[in-house]
Amino acid sequence: MRVTHNGKVYVIDGEEVVIYGGTLQFFRVPRDVWKDRLEKMKSHGLNTVDTYVAWNWHEPEEGNFDFTGETHPQRDLVGFLELAQELGLYVIIRPGPYICGEWKNGGIPQWLINKHPEILAKGPEGSLPNDIYYPPITYLHPTYLEYVMRWYDRVFPIIKDYLYTNGGPIINITIDDEPSYWETIFQAFLTDYNDIIVKENGVWHQWLRENFSIDQLEDRYKVKISDYVEVEPPKSFSEPLPKIIDWHHFKVWMINEYVKRLYEKIREYVDVPISILDPYLLLAAWRHFYNYVKKNSLDIHLWTEFWYSFYRSFDFKEDRLGHIYYKTGIYRNYIRKLRTPPLSIETQTSLANVIEPDEAELLYGLLPSLGIHNINYYLYVGGENPRGYESHNGVTWDVYSPISLDGKERQHVEPIKWIGEFLKSNKEFVYAPFQAEVAFGTYEPYEPLNLWGYRPENFKETVNLDEYLYGERGLLTLLAMSNVVFDVIDLENATVEEMLNYKQLWVYSLDFMAREVQDKLVEYVERGGNLVIMPMLPYLDENMNEYRRLEEFLGVKVEEKSARDNFRLIPFVSIDAEGIDRMITRNVAREVRGGTPIAWANGKPVAALVRKGKGSAIILGFRLQYFSSYHDMHRKFVDKLLKLQGVERRFEVTDRDMIVIPRGNYLALINPRGHRVFGKIKYRGIEMPKLLEGIEMKTRGVLFLPVGVRYGRFEVVYSTATVVGSDGDSISFRNHLSNKSEVALRGVNSVEIKGGRIIEEKIDGDTRIIAVEHGDKEFTLLLR
């Protein structure tokens, strides 16, 4: 009885298992309907149930524990685990100590807070309000850790009894939940000034000693220092920027230390994989988690989540693509390095007024397309909050879950079902490589500045990266909607060799960038890489000392013109390039002097191409963004930049609103905008379709097209419909976006059809091509 993994999927008793699950919080669902809800989940194609174990629910008073339902039937953790096992479901269990979960105190017992208020995190002026819904805890406070270990010593003997390796259903344990001082890490100075941290020779001073010499601190903070204890934590933006960033990184490190303590305790009890969801609730900062677990040899699986709406309609359309490409790109990067299976443990299926099936399908289909094929949907089953544990929605905790509080099924169950069928029927897809010619390079210190909205007075560039980079009209959405399949790499961790795996590297620069990073970008270009950098060149290093290595190497000067921050004072600027007339940009456009001009504003060059060494660099003095328009100038300009640097896509598509993501022997074909798209695709020398005039996608949705995939003894050379099942002499297809599909087959003598009719057929060498008209969403080919 073993649970291991191969870096892509979990291997359970030697069988490769794609995790396809949903969250049912047993403490919110009446005990007498647990079985009904779990059976419905199985009927939707799910093989796993995920649940929290809330500390304050099972220890409502200090020392009084209930795991069998003696005081309340919904405290019967043991009964729930036994029922899941009886129904053949795997279990992912999350015993906190903090669970968030839209649950009182995030699971931390109120009696513990009342008895030991010293465990609460503090602000720079002292205690925070004690009536907030998720009181942030000082993770490394010894009193808190003492009580956490007591909790673990009570709950983990039960968990151990029900581990898969001991004959039970539990295949994974998740540590805490999104440790981030409950999102106060998002604000520079909200936490944590607890006494154990800021006292003389406390945790803060110990961290400084371990990470910096006195000389380094003097250079970073621009003050004379004789001893570490002289360095107080920053409390306002009047402090030097490197010190404020160090304070942010220190809090990230404390979370890492906390996670390590929990991991070591859990390992005393379990021999199944241990995971964590989104440490810090940041993205670029994952580099710190990766570096920490590698340094300390912690075998922790990094899991992620996707949320795009809270208490409103789901609203997942094309303008969300930039963020999802970015987050999955960062995630792929670290999963590859950690060599653990990718999994989205909280894929949003609730907390929205309504979730439309087509928008749900767009999100749920993008995840496997972009490399996350293990999926858990949250919150899958609606429930109620027991009295005293009320949440954001009062008594009800069913905010459009796929299975409602009364057991009814909602409309977004449909895409969940068929995407699960696809993953089950196409195990080869899991191993299909994600192939990107282009990378976006992220520089982590920019992330907190954007988060805080803090721009030092001397900075010439705005830190509003949400609009210009990550957001709905940001650069990354433009790249995604331009059919540029891109990876994301960390410029601090990546080697030049890793950078050179990509033909083109895009970088967004603020005023400062570490010397080492600037030097790497220079070497990248020298050795044959193609850099695109905007909207300026860095002129400061990580210590805010002048450093212009990149500028000097390229021989280009970008005008030192200050960007504007006030939304109402930001102009729109028209940019011209060869074949492109009046491409609109926002904020200032800086003159670029040097190199070969490639774009102009008001008669001045604002972009240039420079060829250096074996490579090249394109310097843009403006912010390239996504603006959808009839003339489509922005996507044309992206095409121009690709062509200037000799970058070719792996595919061709005649309708550019068809977004294509190549995955080895598969193509994910996506219609994110919702209007009808119609076109042909060329991939690996195959143009498809051949009999039909084109592939039609009448509305928003996703198709997974096989290209040279074997199903039993037959090969699907290509198909314009998704394969959702195969059994001996039959292959089942789904195309809900059109009533016509085309399939090319090898090894077939004759074809019959169920659920449609063949409208045209052609033999091309050893390949039989058929065009099918199908009234319903699915049809089956019977092959001989």
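Arg339 is exposed in this predicted model, with a relative accessible area of 66%, a value that qualifies because exposed means over 50%.

**Backbone: positive phi**

- Most residues other than glycine have a negative phi, and most peptide bonds are trans.
- Arg339 belongs to the loop that runs between α11 and β12 (343-348).
- Glu183, which is likewise not a glycine, has a positive phi of about 65 degrees, and its place is in the loop between β9 (170-175) and α6 (195-198).
- Glu183 counts as partly exposed, because its relative accessibility is 31% and that class covers values between 20% and 50%.

**Backbone: cis peptide bonds**

- Gly96 and Pro97 are joined by a cis peptide bond with omega of about 20 degrees, and Pro97 sits in the loop between β6 (90-94) and α4 (110-115).
- A cis bond also leads from Met534 to Pro535, where omega is near -15 degrees; Pro535 is part of the loop between β19 (530-534) and α20 (549-554).

**The largest pocket**

- The volume of the largest pocket is about 1,100 Å³, and of the 36 residues that line this pocket, Phe186, Leu281, Trp307, Phe310 and His323 are the closest to its centre.
- Two or more lining residues of the largest pocket come from each of β11 (300-306), α11 (321-338), α15 (446-452) and α16 (465-470).
- Sorted by class, the lining of the largest pocket holds 18 nonpolar, five polar and 13 charged residues.

**The second largest pocket**

- The second largest pocket holds about 940 Å³ of space, and among its 31 lining residues, Trp207, Asn211, His249, Arg287 and His288 lie nearest its centre.
- At least two residues of the lining of the second largest pocket are supplied by each of α7 (203-211), α8 (214-221), α9 (241-267), α10 (286-295) and α19 (515-526), with α9 giving the largest share, eight residues.
- By class, the lining of the second largest pocket is made up of 12 nonpolar, eight polar and 11 charged residues.

How values were computed. Residues numbered from 1 in each chain as written. Predicted model: local features only at pLDDT ≥ 70, side-chain atom pairs only at ≥ 80, totals over all residues. Heavy atoms only, no water. 1 Å grid on protein atoms, 1.4 Å probe; cavity = no way out; pocket = protein on both sides within 12 Å on 5 of 7 lines; lining within 4 Å. Points joined across faces, edges and corners; volume = space filled by probe spheres on them. Helix = DSSP H or I, 4+ residues; strand = E, 2+ residues; numbered from the N terminus. Nonpolar A, V, L, I, M, F, W, Y, C, P; charged D, E, K, R; others polar. Buried < 20%, exposed > 50% of the residue type's maximum accessible area, 1.4 Å probe, protein only.
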